[in-house]
Amino acid sequence: MSKPRIYIPWDAGALSLGSSAVERAIIAAERRLGIDVEIIRTGSRGLFWLEPMIEVETAGGRVAYGPVTLEDVERLFAMGWLDGRLDRLCLGKPEDIPFLKRQTRYTFARCGIVDRLSFADYRAHGGVRGLAHALSLGPAGIFDEVTKSGLRGRGGAGFPTGIKWKTTADAQAAQKYIVCNADEGDSGTYADRMLMEGDPFCLIEGMAIAGIAVGATKGFIYIRSEYPHAIRTMGRAINIARAENLLGRGIAGSTYDFDIELRVGAGAYVCGEETALLDSLEGKRGQVRAKPPLPAHKGAFGRPTVVNNVISLASVPAILADGADFYRDLGYGRSRGTMPIQLAGNVKHRGLFEAAFGLTLGEIVDDIGGGTATGRPVRAVQVGGPLGAYFPRALFDTPFDYEAFAAKNGLIGHGGVVVFDDTVDMARQARFAMEFCAIESCGKCTPCRIGSTRGVEVIDRIVRGERRAQNLTLLQELCETMRFGSLCALGGFVPFPVTSAINHFPEDFGGAPLVAAAE
């Protein structure tokens, strides 16, 4: 008879809420009771208000309990949780929890389910099927599938992935690279971290497929230093993948070679921009490069390079395994497939919700997120990180779609949704956007470097009521200069939060809105 299995998340979110302390209590309890239990450390399913969410494998399937504290462990053993007995913390079958049941788990299908560092577990849950199909199709067939799927960059730009890959493939060079942008720095985002901590082999497989498609034999994962658990997990997973022939010479018994090197960033937000990332990867100060040339033609070390976000690359194995048509049939408008929506801020149900594009912002915040954690009315929602626009309730009918948000002067970005209740001061939020840009600017271009500093000063004068009309006009001109004159999106997107705050919440600035500043 096999040992009872208990699944405990090793995700950073669960760890911060005590999952390892609960594990130690479980080990102590099983020794004291003389029970032999197998503990499996998984990623998180993304229900952070229920973490640590511990799952027990029973004859009827896995049963979840949460949030479990140290004080709960003795009682759970006494009442028979290894048999799935009911308790006030019992959540039933995880897949039946409403927050999970409503999702379309595609890229995150294995997160919270598999042993994150077991290649056998990864294979048993559908891993490597995408690579096997990719090898049978060859580069041209891979391009065809990825292009037909409609996959767009999940890092924020939304550029068609197939076109980016084809551009690099057509470039002539002896060496090409695949670079994974894992420098996830937007406020309210954590999908990349969750994927790397919960299903690292999926990212590795996606990068290997990309390498085959474009003719690259080397890949880099550029990961932010603030993610120590993801760094540790990815490092171990890369070594395991080499041992399993998922990386190295003749991957999966084919004629293709591909290997991955892990690089850790130094904590600069601007290195989320692909060219600044490449400079940092090469050992230089992370500064934005002028384009052209594009990285697809001249990227890492002057060679043709594909730079994709974690979720973009991790979506590829499932697309190749299940076919482009399945993925393309999900979504809304030109936004195809699924998006990991990350709920954060003052929201009742904080967590990752993967769904096809097309849900309205109101559905995401009110129905899925459950409104604010404080119980007060929602006043504003920022989508797309610190440079995303603030949407008032009047815009909650906006579909979660790249083009729909752009039409309302907003951004989807990396899918972070940060909720604020009616106590938020929107003037302070607008000032924060300028201040954030001033601190994080690489300093290469004047509109971003100087404009953000002047922006803080102008907003301070507006809030103090000094020559408000003149300073609002000055702020409008400053935002236009930053938007159209900055080298990259750091300075170029600052007008989104600033002008949306003034237009939708003019009372916090002492008067009428700044009309059409970001159009």
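Hi everyone, and thanks for having me. Please keep in mind that what you see is a predicted model.

Let me begin with two helices. H8 covers residues 191–198 and H12 covers residues 310–322. Their axes are 9 Å apart, and the helices pack at an angle of about 45°, which makes H8 oblique to H12. Which residues of H8 and H12 make the contact? From H8 they are Ala191, Asp192, Leu195 and Met196, and from H12 they are Val310, Ile311 and Ala314. Sorted by class, the contact of H8 with H12 has six nonpolar residues, one charged residue and no polar ones.

Now to the sheet. As a reminder, strands of a sheet pair through backbone hydrogen bonds, in either the parallel or the antiparallel sense. Here we have an open sheet of five strands, and reading across, the order is E13-E12-E16-E14-E15. The pairing in this sheet is mixed. At the edges sit strand E13, residues 351–356, and strand E15, residues 390–391, each of which pairs on one side only. The partner of E13 is E12, residues 338–345, and the two run antiparallel over six bridges. If you want a place to look, find Ile341, which stands opposite Phe353 in E13.

Phe353 takes us on to the aromatic rings. How many aromatic pairs does a search of the whole structure find? It finds 20. One of them joins Phe99 and Phe353: the ring centres are 5.3 Å apart and the planes stand at 75°, so this pair is edge-to-face. Phe99 belongs to helix H4, residues 98–101, while Phe353 belongs to strand E13, so the pair ties together parts that are 254 residues apart in sequence.

For my last stop, here is another aromatic pair, Phe119 with Tyr122. This pair is tilted, with 6.1 Å from centre to centre and 40° between the planes. Both residues lie in helix H5, residues 119–124, three residues apart, which is about one turn of the helix. Phe119 and Tyr122 are both buried.

That's my tour, and I'm happy to take questions.

Methods:
Residues are numbered from 1 along each chain as its sequence is written. This is a predicted model: local features need pLDDT of at least 70, side-chain atom pairs count only at pLDDT 80 or more; totals for chains, interfaces and linings use all residues. Side-chain values use heavy atoms; hydrogens and water are left out. Axes are lines fitted to C-alpha atoms, for helices over the stretch in contact, and angles run from 0 to 180 degrees between N-to-C directions. Helices (H or I, at least four residues) and strands (E, at least two) are DSSP runs, numbered from the N terminus. Angles under 35 degrees count as roughly parallel, over 145 as roughly antiparallel, 65 to 115 as roughly perpendicular and the rest as oblique. Contact means heavy atoms within 4.5 Å. Ala, Val, Leu, Ile, Met, Phe, Trp, Tyr, Cys and Pro count as nonpolar, Asp, Glu, Lys and Arg as charged, and the others, Gly among them, as polar. Two strands pair if DSSP finds at least two bridges between them. Rings of Phe, Tyr and Trp (its six-membered ring) pair if their centres lie within 6.5 Å; planes under 30 degrees apart count as stacked, over 60 as edge-to-face and the rest as tilted. Buried means under 20% relative accessible area, exposed over 50%, partly exposed in between (1.4 Å probe, protein chains only).
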